[in-house]
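Here is a short report on how one chain is put together. Please have the sequence and the model open side by side.

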Amino acid sequence: MTDDAPELRASDADRERVAEILRDALAEGRLDMAEFEERLEATYQARTYGELTPITRDLPASPAVSLSKPLVRNGSWGHRIVGGEGSSSWAVAVMSGFQRKGRWTVPRRFTSFAFWGGGEIDLREANFADGEVVINCIAIMGGMSVIVPPGVEVVMRGIGIMGGFDEREHDMSPDPDAPRVVVTGFAFWGGVEVAHKVTKAERQRLKDERRQEQLDRKSARHELHAARQERHHQRREERDRRRHGDY
């Protein structure tokens, strides 16, 4: 957590880290069942860092757990800027189509041409010959799609006549270590589109993470319900003992 930005929204993972601290505190005897139940309920109702912070502030494990969102640079970019000439420097589609995808090396300048056809230039798994590459797209009565992974800065410098150069969902916070992609060219009765997308493997990983978070939340709700039942049972036993003592 961070006291610098208490208004930031907390994630399911943030809440689960706090819940784990509470479970450890209960097991160590630092919290009794009533305190654990109260704090666990507050944890899963919290929406911001400011609401999560006080829950573990008096527990010794809390300084070791950070819920802040620092800028994390993608260390994988370093080994993906490989130098050299590139594995392919041009592509042509005349009444047909072309693809450049998978593991390939993007040269410093890549030129593509499509006439009554289309092309796909996928950079999500590609290496790069330099920290800045230029992709020149000429589309005449055709279309081209340039797909880049999140974090890559894209600069659009193309001209469209009865066509267009478009970038969908411009990445407002590019990774400073990632390469820069300059898309230039000309579109006549056609179009060139840039899209930011994760790979299928990354999309599946994110989907699996969300599914696991949902399972964790379901388990936590069950745990909270069990804790309430246990607390209710303890209270009933206490009432029975007091009643028996009165007699």
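Angles between axes over 145 degrees count as roughly antiparallel. The model discussed here is predicted. Helix 1 (residues 12–27) and helix 2 (residues 33–45) have axes that cross at roughly 175° and come within 10 Å. Helix 1 and helix 2 are therefore roughly antiparallel to each other.

**The helix pair**

Which residues of helix 1 and helix 2 meet? Helix 1 brings R15, E16, V18, A19, L22, R23 and L26. Helix 2 brings M33, F36, R39, L40, T43 and Y44. By class, this contact of helix 1 with helix 2 has 8 nonpolar, 4 charged and 1 polar residues.

The chain has 5 helices and 13 strands. An open sheet takes 5 strands, in the order 2-5-8-13-11, with parallel pairing. Strand 2 (97–100) and strand 11 (164–168) are its edges, and each pairs on one side only. From one strand to the next, the twist averages 10°. Inside this order, strand 8 (residues 143–148) and strand 13 (residues 191–196) run parallel and are joined by 6 bridges. G143 stands opposite G191 of strand 13.

**The nonpolar cores**

In soluble globular proteins, nonpolar side chains tend to be buried together. In this chain, the largest nonpolar core has 28 residues. Those with the most contacts inside this core are I121, L123, I135, C137, V146, V181 and V183. Strand 1 (90–94), strand 4 (109–115), strand 7 (132–140), strand 8, strand 12 (180–188) and strand 13 each give two or more residues to this core. Strand 7 gives the most, with 4 residues.

What does V146 touch, leaving out residues up to four places away in sequence? Its partners are I121, L123, I135, C137, E193, V194 and A195. A second, separate core has 19 residues, including L22, I55, A220 and L224. L22 also belongs to the helix 1 side of the contact with helix 2.

| Core | Size | Residues named |
|---|---|---|
| Largest nonpolar core | 28 residues | I121, L123, I135, C137, V146, V181 and V183, those with the most contacts inside it |
| Second, separate core | 19 residues | L22, I55, A220 and L224 among them |

**The whole chain**

Of the 247 residues in the chain, 37% are buried. Take the contacts between residues at least 6 apart in sequence: 68% of them join residues at least 24 apart.

Technical notes. Residues are numbered from 1 along each chain as its sequence is written. This is a predicted model: local features need pLDDT of at least 70, side-chain atom pairs count only at pLDDT 80 or more; totals for chains, interfaces and linings use all residues. Side-chain values use heavy atoms; hydrogens and water are left out. Axes are lines fitted to C-alpha atoms, for helices over the stretch in contact, and angles run from 0 to 180 degrees between N-to-C directions. Angles under 35 degrees count as roughly parallel, over 145 as roughly antiparallel, 65 to 115 as roughly perpendicular and the rest as oblique. Contact means heavy atoms within 4.5 Å. Ala, Val, Leu, Ile, Met, Phe, Trp, Tyr, Cys and Pro count as nonpolar, Asp, Glu, Lys and Arg as charged, and the others, Gly among them, as polar. Two strands pair if DSSP finds at least two bridges between them. A nonpolar core is a set of buried Ala, Val, Leu, Ile, Met, Phe, Trp, Tyr and Cys residues joined through side-chain atoms within 4.5 Å. Buried means under 20% relative accessible area, exposed over 50%, partly exposed in between (1.4 Å probe, protein chains only).
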